[in-house]
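Please look at the sequence and the structure first.

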Amino acid sequence: MHKDPNPAAAPSPVASGQGAGAFDMDAFWMPFTASRQFKSAPRLLAKAKDMHYWTPEGRQVLDAVAGLWCVNAGHSRPKIVRAIAEQAEEMDFAPPFNMAHPKSFELATKLVALAPEGLDKVFYTNSGSEAVDTALKMAIAYHRARGEGQRTRLIGRERGYHGVNFGGISVGGIAGNRKSFGTMVGGVDHLRHTHDLKKNAFSRGLPEHGAELADDLERIVALHDASTIAAVIVEPVAGSTGVLIPPKGYLERLRAICDKHGILLIFDEVITGFGRLGTPFAADYFKVTPDLMTVAKGITNGCVPMGAVFARRAIHDVFMQGPEHAVEFPHGYTYSAHPLACAASLGTLETYADEGLLTRGAKMAAPFEHAVHSLAELPHVIDTRNIGLVGAIELDSIPGAPGKRAFDIFRACFERGVLIRTTGDIIALSPPLIVEESHIDQAISTIADVLKTAA
Ligand SMILES: Cc1ncc(COP(=O)(O)O)c(C=O)c1O
């Protein structure tokens, strides 16, 4: 039986816009969205090129957040568009289990050449969340394969964001993303977060204070014993929680404690990967190499879903045992190494290389830093912070309405032609790496104007 296309329930919200026509907005259950607010006043995007979006009415919007931290080379870049189109024409899909297509190997070779020294193997997923859960499973299975099957415990960090799958929210540390979902994965503990405005407010680059917070891992080791711990996962710079930059020396110390206790260190570089800090990866910026590294977003410039886990050769090699006809790592996705994603990623890497984008952030970091900190004295601002091409403006909250002030500012900026991102009462900026100073000026002056009149 067919559904009634016009059910008698409440009338569906309808949006319309020049070029978009009128359409029904009822059916789409939107991700991470204040849906009722959105559907009463939709913000739609219909076209994108380089640093800009356009609404269906043709209004230009500056993209100050690279879409969602992913469009690092800017929008609709020709080499990437062409690579996807040609691949779709040539071969749409190839099964990835016990079969493969040449571009998946070509891409893997290029990716490991770009990755920090020692990360020689790459496993494909379709998103950052899947990359995280893959890395967590890899860590536990690795210890088991080498005879330490009791090492199953996973350690995350408060305020960490590792996507939305069960593994990711379990090691993640954002209460709002966890509280509705029961007990999640067992055997998880959390390091303290590193955000300390009393000591570090208005830091430029890495905060001075807090390296000793890495010693929290020693506390957790003392509690559970190192022999039960498989891995620690952190974002080198925590992005989605509102841009928390690691104190000087913190990541080095975490690496040393992991080494001391035989615990794998996983860097979640879904945001920091592919040039965001002015180096190809945050591991390069901090000169700290993890054992496993998750990426997504910038791997395809956001054009086709893809994620990946980089692994040390020695981790991979432990799996290569048992009968040769048997699967060594029983994990993977129908769309792992999808031909369109591989083509998009090859086009993306070529674009990054042609334009020097993976290190361009280092050049733009100084004017960006200057611009972000120019907001420090404006109403409601309690912190400004930056690293590479990531910046944050933290606001005090309206009493009893956390998040509302920043959300209103987000909407007002969009009305004035600038797309920003907010988490709680923190504004985050992460422009495409092709950003020019004029774009930075426009974004910052728009935020300043809105802040001056904000409630
Ligand atoms: C650090 C980190 N890990 C994982 C994810 C999840 O990625 P996805 O949304 O592609 O599943 C994100 C997304 O923002 C992220 O920032």
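## Helix α15

Helix α15 covers residues 404-415, 12 residues in total, and extends 17 Å from its first C-alpha to its last, close to the 16 Å expected at 1.5 Å a residue. That expected span is 1.5 Å times one less than the number of residues. Helices (H or I, at least four residues) and strands (E, at least two) are DSSP runs, numbered from the N terminus. The model is predicted: local features need pLDDT of at least 70, side-chain atom pairs count only at pLDDT 80 or more, and totals for chains, interfaces and linings use all residues. Residue numbers start from 1 along each chain as its sequence is written.

The buried residues of α15 are R405, A406, I409 and C413. Viewed down the helix axis, these buried residues fall within an arc of 90°, so they line one face of α15. The arc is that of the directions from the helix axis to the C-beta atoms. A residue is buried if 20 or more other C-beta atoms lie within 10 Å of its own, exposed if 12 or fewer, and partly exposed in between, with C-beta atoms placed from the backbone. An α-helix has 3.6 residues a turn, so residues three or four places apart point the same way. The buried residues of α15 pack against β14 (390-395), β15 (418-419), β16 (421-423), β17 (426-429) and α16 (437-453). Just after the helix, G417 has a positive phi of about 90°.

## Nonpolar core

The largest nonpolar core contains 123 residues, and those with the most contacts inside it are A139, A231, V232, I266, L292, A308 and I427. Helix α13 (residues 339-355) gives the largest share of this core, 8 residues. Such a core is a set of buried Ala, Val, Leu, Ile, Met, Phe, Trp, Tyr and Cys residues joined through C-beta atoms within 7 Å. In soluble globular proteins, nonpolar side chains tend to be buried together.

Leaving aside neighbours within four places in sequence, I427 is in contact with A392, I393, A406, I409, I420, T422 and I447. Contact here requires C-beta atoms, placed from the backbone, within 7 Å of each other.

## Helix α10

Helix α10 (residues 250-261) has 12 residues and reaches 17 Å from first C-alpha to last, close to the 16 Å expected at 1.5 Å a residue. Its buried residues are Y250, L251, L254, R255 and C258. Down the axis of α10 they fall within an arc of 135°, so they line one face of the helix. On the other side of α10, D259 and K260 are exposed.

The buried residues of α10 pack against α9 (216-224), β9 (229-234), β10 (264-268) and α11 (282-286). G262 follows α10 and has a positive phi, near 70°.

The ligand is surrounded by 14 residues, of which the closest are S127, G128, S129, G163 and V270. The shell divides into 5 nonpolar, 7 polar and 2 charged residues. In this scheme Ala, Val, Leu, Ile, Met, Phe, Trp, Tyr, Cys and Pro count as nonpolar, Asp, Glu, Lys and Arg as charged, and the others, Gly among them, as polar.

Helix α5 (residues 128-145) supplies the largest share of the shell, 3 residues. α5 has 18 residues and reaches 25 Å from its first C-alpha to its last, close to the 26 Å expected at 1.5 Å a residue. The helix is mostly covered, with 13 of its 18 residues buried. Just after α5, G147 takes a positive phi of about 90°.

Y161 is in the loop between β7 (153-157) and α6 (166-171), and counts as buried because it has 25 C-beta neighbours inside 10 Å. Its C-alpha atom is separated by 7.3 Å from that of A238, 77 residues apart along the chain.

N386 lies in strand β13 (residues 381-387) and is buried, with 23 other C-beta atoms within 10 Å. N386 and I245 are 141 residues apart in sequence and 7.8 Å apart in space, C-alpha to C-alpha.

## Positive phi outside glycine

N98 has a phi near 60°, a positive value in a residue other than glycine. N98 sits in the loop between α3 (78-90) and α4 (102-114) and counts as exposed, with 7 C-beta neighbours inside 10 Å.

K297 is also a residue other than glycine with a positive phi, near 40°. K297 lies in the loop between β11 (292-295) and β12 (307-312) and is buried, with 27 other C-beta atoms within 10 Å.

Conventions: Contact = placed C-beta atoms within 7 Å. Near = placed C-beta within 6 Å.
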